[in-house]
Protein chains: 2
Amino acid sequence: MRIALIAHHVAPVRPPFGGGVESFTWYLGRWLARRGHHVVAHAPTGSSIPGVQVRELDLGVRLSDAARCDVDMPPDDFMAAHHAYQRLMVDLRRDPDRYDVVHSNTLHYLPLVMAPTIGVPVLTTLHTPPTPWLESALRSLPPEPRPALNAVSPATRAAWESVVPGLPVIRNGIDPGSWPAGPGGGPAVWSGRIVPEKAPHLAVEACRAAGRELVLAGPIIDGAYWEARVRPLLGDGVRYAGHLDHDDLARTLGTASVALMTPAWDEPFGLAAAEAMACGTPVAAFARGGLPELIGDGGGRLAVPGDVADLVRALDAAAGMDRGAVRAHAVRTAGIDAMGLAYERRYEALVEHARPEPVRTLRPVGASTVGPSGVGSAAPRRRGVAATARARAVS
Amino acid sequence: MRIALIAHHVAPVRPPFGGGVESFTWYLGRWLARRGHHVVAHAPTGSSIPGVQVRELDLGVRLSDAARCDVDMPPDDFMAAHHAYQRLMVDLRRDPDRYDVVHSNTLHYLPLVMAPTIGVPVLTTLHTPPTPWLESALRSLPPEPRPALNAVSPATRAAWESVVPGLPVIRNGIDPGSWPAGPGGGPAVWSGRIVPEKAPHLAVEACRAAGRELVLAGPIIDGAYWEARVRPLLGDGVRYAGHLDHDDLARTLGTASVALMTPAWDEPFGLAAAEAMACGTPVAAFARGGLPELIGDGGGRLAVPGDVADLVRALDAAAGMDRGAVRAHAVRTAGIDAMGLAYERRYEALVEHARPEPVRTLRPVGASTVGPSGVGSAAPRRRGVAATARARAVS
């Protein structure tokens, strides 16, 4: 299939990742490309995904002085994102035959709003609980045709239930090959975006109380929070390792005796927990959002949200778990192949639904002659390419 | 023709008007309805236009608690407007045969961006200099098909020149019947939205310096500006009359010896000046935006923008002008019939362009049998209705 991935606009899609959505987009894109699909990512400047063509979002709009002086001029970055997605959707509308399917992973409202206008099926993945922008966009759409959506976890589906009931779930997945088993035995680790809603200061408190050393890793997104609540706690066994590149992060996760997840919001999935588990490191986590389902009994121990004393208990219990079993749990329940195959099936269903023409000249599935030159009409060709891709070995 | 007017969402379209765009929409709608067109205004709750069916914009979106707690919650009114126009455009797209033409007068970007998707020709009137939202929308659209646009004055066309060159101009017009000649002789008057960019405090300064009494009239939109810069100046011959209803405003304008326009921005047209002139009251104005062209030599006197001393000079010079000549100038250069006829011609051209089918069963123009039941195909029927409407007397 010819697949367009729409990325979120705030960070380039390449390691080290600005956050879970960038990581998701990168791994999915690479997986789809390895699988034989033609994948284009519409993503911020600096994005780079193996096997995927990147087309940059036009985030550099320079409006006229008259517009910039207008009393209603919003912040520059807000306007830039608005303009970038507006341009993208208008461009897609102009050339509906460029792609078979568009998969939007941005939290911005415009791709969702304009999806019904571009003449190509669009799948929108809801990576978070309801946000005002996405919720408003969804509420404003007519009931039919229903937008194609999925949630990244049962917890995210539940959070959206009052807005869009019964969302299909395609759970996020991590690539076990990218997160090799590590030896453990080192300090505890907390990784993720450093923002108040992920509350790394509670990880510090728990490790202090448990008498464990701690390494913090991840981009400092909220500088004020960092300065006020986290940086003063450093030292005395607590170290900030920076925004690590992939290999360093994998090594840090793999050498940790235990990992912590301390969300103060309903963490939709918990990619950082999945990565730690894949490296064999058990996770102690507040039981919020997608974490209970992701970690379960096999990947770590859960604590009452916000209760640091209970987190200390979970920390000690998790640290004693068998690392091989933890990795096996991650591979079994959060592997990228299951995720990739599920998205591929969803894309195919959308393409079939959007192009209901009868199959006329389709060759046998997987036959080498199936391809752009082998088929007379667009619809069968697409099906043929999809089937070919499906027949290849999973990466 | 079956015409949909899209109103701006911030104020109901009924007197007393929140601003010039509401006034424009009301007078145009009434004119078109009197002319025999079927006119529907998609407008905020509380709108009421004689002869025009009002369909309320759905500005009442209620977000879930989850969304309202999101850290990025934008202002409620932004969300409501977004929701309202999104719903409207999606609704229009679902039933493209409801209208022959859609005329958008909102400053919101969505109707402009989504115009190419709804299957009905859309005319967008640019009522202001470039705003970030409309400029971004226009720059997102492909060069072809070109959006149908017009500016309300040569000044507005010039302001947009670097973004969309060569905009056609349809100058705003006022209904002389609604703004009867008045006797003059009373205090000076300033009317309009009370906002910093219209700078009524400079009108007070000028009248104080000229030894003239002044009446301020209009809605207080920017309360902070009012409290800080205008209210402290009241008294001693300067009075705030409130947001007057139409008859009181017409009487206040008509009894004024002179009117003031003191924009601190490029006032696109200057409806308040046109109304004063129609009542026979000459205007002293800063020479900005559309005012020099509107007022010219026949309707008042111009001053260097921001120069209060020069405005005092203009005030005294304008106050001596012949009131009958001032009214005649307004009727000749800013009458509603010229505006209405120009919009009607533009609508017809858009309908013709959008429906190029050959005429098959069209009856003679103006024949009484022309109408929904008299014609076999949609395109000829539309032409017939348009021609019928054109043949009627101008109101």
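Which residues point one way from strand 11 (residues 283–286) of chain A and which the other way, and are they buried or exposed? The legends below begin with that strand.

In this predicted model, local features need pLDDT of at least 70, side-chain atom pairs count only at pLDDT 80 or more, and totals for chains, interfaces and linings use all residues. Residues are numbered from 1 along each chain as its sequence is written, chains are lettered from A and ligands numbered from 1 in the order in which they are written, and side-chain values use heavy atoms, with hydrogens and water left out.

View 1. Helices (H or I, at least four residues) and strands (E, at least two) are DSSP runs, numbered from the N terminus. Strand 11 pairs in the parallel sense with strand 10 (residues 259–261) over three bridges and with strand 12 (residues 300–303) over four, where pairing requires that DSSP finds at least two bridges between two strands. V283(A) is opposite A259(A) and also opposite G300(A) of strand 12. Strand 10, helix 10 (residues 271–278) and strand 11 of chain A form a right-handed β-α-β unit; right-handed means that, with the strands pointing away from the viewer, the path from the first strand over the helix to the second runs clockwise.

**View 2. The six-stranded sheet of chain A.** The strands of this open sheet follow the order 3-2-1-4-5-6, with parallel pairing. Strand 3 (53–56) and strand 6 (148–151) stand at the edges with a single partner strand each, so one side of each is left without a neighbour in the sheet. From one strand to the next, the twist averages 20°; axes are lines fitted to C-alpha atoms, for helices over the stretch in contact, and angles run from 0 to 180 degrees between N-to-C directions. Strand 2 (residues 38–43) and strand 3 run parallel and are joined by four bridges, with Q53(A) in strand 3 as the bridge partner of V40(A). Helix 1 (residues 20–34) packs on the sheet, touching strand 1 (2–6), strand 2 and strand 4 (101–104), and its direction makes about 170° with that of strand 1. Helix 3 (residues 76–94) also packs on the sheet, touching strands 1, 2 and 4, at about 165° to the direction of strand 1. Contact means heavy atoms within 4.5 Å.

View 3. A199(A), in the loop between strand 7 (188–191) and helix 7, has a phi near 50°, a positive value in a residue other than glycine. At 1% relative accessibility, A199(A) counts as buried. Within helix 7 (residues 200–210), the buried residues include P200(A), L202(A) and C207(A). Just after the helix, G211(A) takes a positive phi of about 70°.

Methods. Buried < 20%, exposed > 50% of the residue type's maximum accessible area, 1.4 Å probe, protein only.
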